[in-house]
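Student: Let us go through the open spaces of this model and what lines them.

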Amino acid sequence: MRLNSFQLKIFAMILMVLDHISTYIPNMPFWFNMVGRIVAPIFFFLIVEGFFHTRDRKKYAFRLFSWALVMFLGTNVVIRIFIREYQIHNNIFLSLGMSVLLMSVIELSRKNKENKKLYILGIVGLIVIGILSIFTEAGIYGLVMTLIFYFLRDNKSKMTIIYVIVSLLLTVGMGFTAVIEIPDYSIRNLLLDDVQWMMVFAFPFFFMYNGKRGLNTKFTKYLFYIFYPLHIWIIYIVGFYIVGK
């Protein structure tokens with residue numbers, strides 16, 4: 001089965017809802033969180049594809065950062081109307097925006113290799129953007145996925161192999177850090193308490209992608225931008241009142 005960009009986004013959005021239901025509403029099925037791990041890789045894969053297909057990369061980045069601001073302000077206004085204290089740290093727009101910014105600087109550096117000043121400035125910019133990206137929601141995972149999908153875009157088989165290997169190494173690395181901090185941390189904790197390793201199962205969808213945009217209207221263009229913050233706010237508020245805090 002082959003899927004276009006719009007169809008992949010809809011599929012990822014459905015899993016994203018399950019993941020956030022599991023995050024903010026108690027006693028939800030464990031597998032909601034597990035399948036949610038493949039959402040971010042799909043969106044980072046599509047953001048790289050979008051970077052190469054968009055007519056205006058500046059507008060692309062501006063739109064993502066604008067909605068990151070909407071998410072931040074909305075959370076601090078909308079949620080505070082219902083709840084004085086909240087624990088929402090989601091803002092994937094910021095991570096995706098940093099991803100586009102990173103790729104833009106890479107492109108600029110590659111085109112100006114002969115201009116030493118611009119090239120060095122680009123390298124410094126990449127380091128700064130990379131470090132800042134780690135502090136967004138997607139963290140180091142988002143940074144690494146962006147680089148893998150960008151540099152290996154033309155060889156999907158190689159891209160997938162590297163993606164799976166690096167994803168597992170990152171998960172094991174995080175688990176090793178947990179072992180140091182938590183003496184009784186076990187393999188079971190790594191597999192069941194932190195299911196980030198499930199992100200490796202996003203790879204079949206890279207091959208399903210047919211390279212086409214799919215349904216393209218004003219509505220579909222902004223569907224994800226509106227849906228993402230709205231569904232998180234609703235789920236969080238529902239979960240808050242279910243718990244009864």
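Tutor: On a 1 Å grid over the protein atoms alone, a pocket is an open set of points with protein on both sides within 12 Å along at least five of seven lines, a cavity is a set where a 1.4 Å probe fits but cannot get out, and lining residues have an atom within 4 Å of a point. Points are joined across faces, edges and corners, and a volume is the space filled by probe spheres set on them. The model is predicted: local features need pLDDT of at least 70, side-chain atom pairs count only at pLDDT 80 or more, and totals for chains, interfaces and linings use all residues. Residues are numbered from 1 along each chain as its sequence is written, and side-chain values use heavy atoms, without hydrogens and water.

Student: Which helix gives the most to the lining of the largest pocket?

Tutor: The largest pocket holds about 850 Å³ of space. Of its 30 lining residues, those closest to the centre include Gly50 and Tyr60. Helices are DSSP runs (H or I, at least four residues), numbered from the N terminus. With six residues, the most is given by helix 3.

Student: Which helix gives the most to the lining of the second largest pocket?

Tutor: This pocket has a volume of about 570 Å³. Its lining has 26 residues, with Asp19 and Arg37 among those nearest the centre. The top contributor, with five residues, is helix 1.

Student: How much space lies in the largest cavity?

Tutor: The search finds one cavity of 30 Å³ or more. Its lining includes Phe44, Ser95 and Thr146. The space in the largest cavity is about 60 Å³.

Conventions
Helices (H or I, at least four residues) and strands (E, at least two) are DSSP runs, numbered from the N terminus.
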